[in-house]
Amino acid sequence: MRPSFVFRLVAASLILATGGCASAARTPPTVAAVVDGDTIVVDFGSHDETVRLLGLDTPESVDPNRPEQCFGAEATTRLRELLPVGSRVRLEVDLEARDRYGRLLAYVFADERMVNETLLAEGYGALSIYEPNSTYRPRLTAAERRARTRLAGLWSACGGPDEPVDPPWPAAA
């Protein structure tokens with residue numbers, strides 16, 4: 001047998017044994033924690049990464065320097081429902097992979113469902129596009145438009161994003 005033929009035979013056997021993927025032995029990324037309505041921690045097996053969901057901004061609920069905002073706790077609860085600890089995720093980065101805080105910026109998919117889009121469509125956040133990360137702008141814009149039209153989530157409970165839990169003005173009679 002020629003050495004090149006033996007090498008190809010061994011290489012083909014390894015590819016078949018791993019299901020055709022050299023990274024089959026890697027642990028798929030899983031959710032380690034939900035920080036708030038638009039931030040999670042993902043376990044990559046060898047390390048954890050804080051991941052900021054692209055394309056949306058949910059009301060603040062854990063920032064020690066800002067008051068809790070209307071619908072912040074609800075957004076965090078909904079993200080925990082969509083991404084329970086241990087659930088597998090697929091991350092898709094855009095042109096800029098990290099923000100100024102070092103967080104990984106990504107579109108997050110669970111069971112082929114884009115979680116970023118789901119949160120917008122259900123009214124748990126507002127559209128927030130920071131160029132150059134705008135690959136899914138049309139899709140995310142449509143999701144927010146549906147939520148606003150239906151007055152879903154924060155659009156009815158708070159009148160929009162960035163409102164404090166307890167507004168400083170008196171309630172209407």
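A: The largest pocket holds about 700 Å³ of space. Its lining is made up of 27 residues, and those closest to the centre are Arg 52, Asp 57, Asp 99, Tyr 101 and Arg 103. The model is a predicted one. By residue class, the lining of the largest pocket has 11 nonpolar, five polar and 11 charged residues. Three strands, β1 (30–36), β3 (48–53) and β4 (55–57), each contribute at least two residues to this lining. The most comes from β4, which gives three residues.

The backbone comes next. Most residues other than glycine have a negative phi, and most peptide bonds are trans. Phe 71 has a positive phi, near 80°, and is not a glycine. Phe 71 sits in the loop between β4 and α2 (72–82). With a relative accessibility of 14%, Phe 71 counts as buried, because the cut-off for buried is under 20%.

Asp 111 also is a residue other than glycine with a positive phi, here about 55°. The loop that holds Asp 111 runs between β6 (104–110) and β7 (113–114). Asp 111 counts as exposed because its relative accessibility is 79% and exposed means over 50%.

The peptide bond between Glu 131 and Pro 132 is cis, with omega at about 10°. Pro 132 is found in the loop between β8 (126–128) and α4 (137–150).

How values were computed: Residues are numbered from 1 along each chain as its sequence is written. This is a predicted model: local features need pLDDT of at least 70, side-chain atom pairs count only at pLDDT 80 or more; totals for chains, interfaces and linings use all residues. Side-chain values use heavy atoms; hydrogens and water are left out. On a 1 Å grid over the protein atoms alone, a cavity is a set of points where a 1.4 Å probe fits but cannot get out, and a pocket is an open set with protein on both sides within 12 Å along at least five of seven lines; lining residues have an atom within 4 Å of a point. Grid points are joined across faces, edges and corners, and a volume is the space filled by probe spheres set on the points. Helices (H or I, at least four residues) and strands (E, at least two) are DSSP runs, numbered from the N terminus. Ala, Val, Leu, Ile, Met, Phe, Trp, Tyr, Cys and Pro count as nonpolar, Asp, Glu, Lys and Arg as charged, and the others, Gly among them, as polar. Buried means under 20% relative accessible area, exposed over 50%, partly exposed in between (1.4 Å probe, protein chains only).
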